[in-house]
Amino acid sequence: MPDYVAKEQDFIAARPGYHEARAVIFGAPLDATVCFRPGTRGGPAAVRAMSYCLEEFSLDLERDLRSLAFHDLGNVLLPPGDIQAGLSRIEAVAERICRDGKVPFVLGGEHLVTWPVIRAVAARYPGLAVVHLDAHADLRAEYLGLALSHATVMHHVGEFLGRANLFHFGIRSADGAELVAARESGAFHPHRVLPGLVETVPALRNRPVYVSLDIDVVDPAFAPGVGTPEPAGVTPQEILDVVRLLNDLRVVGWDVVEVNPACDPAGITALLAAKIVREALLGLVQK
Ligand SMILES: [Mn+2]
């Protein structure tokens with residue numbers, strides 16, 4: 001590990017509030033391999049800004065955020081123009097949080113940020129299962145000549161953990177090769193999320209679970225602020241029901257990625273993401 005990253009890890013651990021935290025939020029504002037609409041670098045800031053209009057109390061869970069010790073580290077500083085260096089820094093931050101026995105909660109940024117976070121989480125939790133909620137399969141081996149891309153992230157996760165440990169929900173866009181790969185995964189439930197997840201929950205129980213939620217799994221009618229919108233998709237109510245179902249599992253890491261404030265009228269996508277984050281954080285209270 002480079003010396004400056006080790007120093008940054010120590011800096012993180014020394015921050016007031018970090019030591020007590022059960023969950024640690026950080027922004028990973030990577031916006032490097034986007035192929036359509038750039039802007040996800042502003043995602044973490046937009047989600048934080050819109051969170052101010054939400055109550056700390058969840059009416060559905062009847063729990064208050066103030067009953068959870070969590071900490072927001074701010075954003076990881078990413079060196080411009082060097083994707084691998086940026087991913088290494090993200091992995092180092094996630095690694096430190098996991099090593100300290102806390103749950104990393106990542107705000108993207110493009111979906112590629114999930115890859116280094118899962119590497120860090122899997123190192124700490126053998127037998128990790130990944131729940132992937134997304135409009136896109138993200139299972140290409142390469143995209144536009146790039147092995148590391150937001151379109152290849154789940155390919156890398158599948159190679160690393162074994163495809164049987166990868167569970168896809170809500171996918172409504174893939175090419176033929178991705179469809180073959182998706183069908184070799186632990187589960188592949190296209191279009192909808194909730195019915196397939198209900199079916200899959202027994203296989204996920206008693207396992208450490210990482211949840212990667214690309215906000216474009218939601219219908220762009222409700223979540224237009226994304227880099228690569230795909231028509232149709234789930235409703236905000238369904239995705240919140242999904243989060244509450246996931247709350248019953250042993251979730252050891254979370255990300256909410258691809259929020260793009262550059263094309264998000266009235267901040268509605270960031271607002272939905274903020275509510276998802278709140279409900280997911282509150283799911284950690286009971287554990
Ligand atoms: Mn996507």
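The expected span of a helix is 1.5 Å times one less than its number of residues. Helices (H or I, at least four residues) and strands (E, at least two) are DSSP runs, numbered from the N terminus.

This is a predicted model, where local features need pLDDT of at least 70, side-chain atom pairs count only at pLDDT 80 or more, and totals for chains, interfaces and linings use all residues. Residues are numbered from 1 along each chain as its sequence is written.

**Exercise 1.** Check the length of helix α3 (residues 83-99), then work out how covered it is.

*Solution.* Next, count buried residues (20 or more other C-beta atoms within 10 Å of a residue's own, with C-beta atoms placed from the backbone). You get 12 of the 17, including G86, R89, E91 and A94.

**Exercise 2.** Work out how strand β5 (residues 103-108) is packed and which strands it pairs with.

*Solution.* Six of the six residues are buried, so β5 is largely enclosed by the rest of the structure. Take the faces in turn: V103, F105 and L107 are buried on one side, and P104, V106 and G108 on the other. Now the partners (strands pair if DSSP finds at least two bridges between them). Strand β1 (residues 23-28) runs parallel to β5 over six bridges, with F26 opposite V106. Strand β10 (residues 250-257) is also parallel to β5, over three bridges, and here F105 faces W254.
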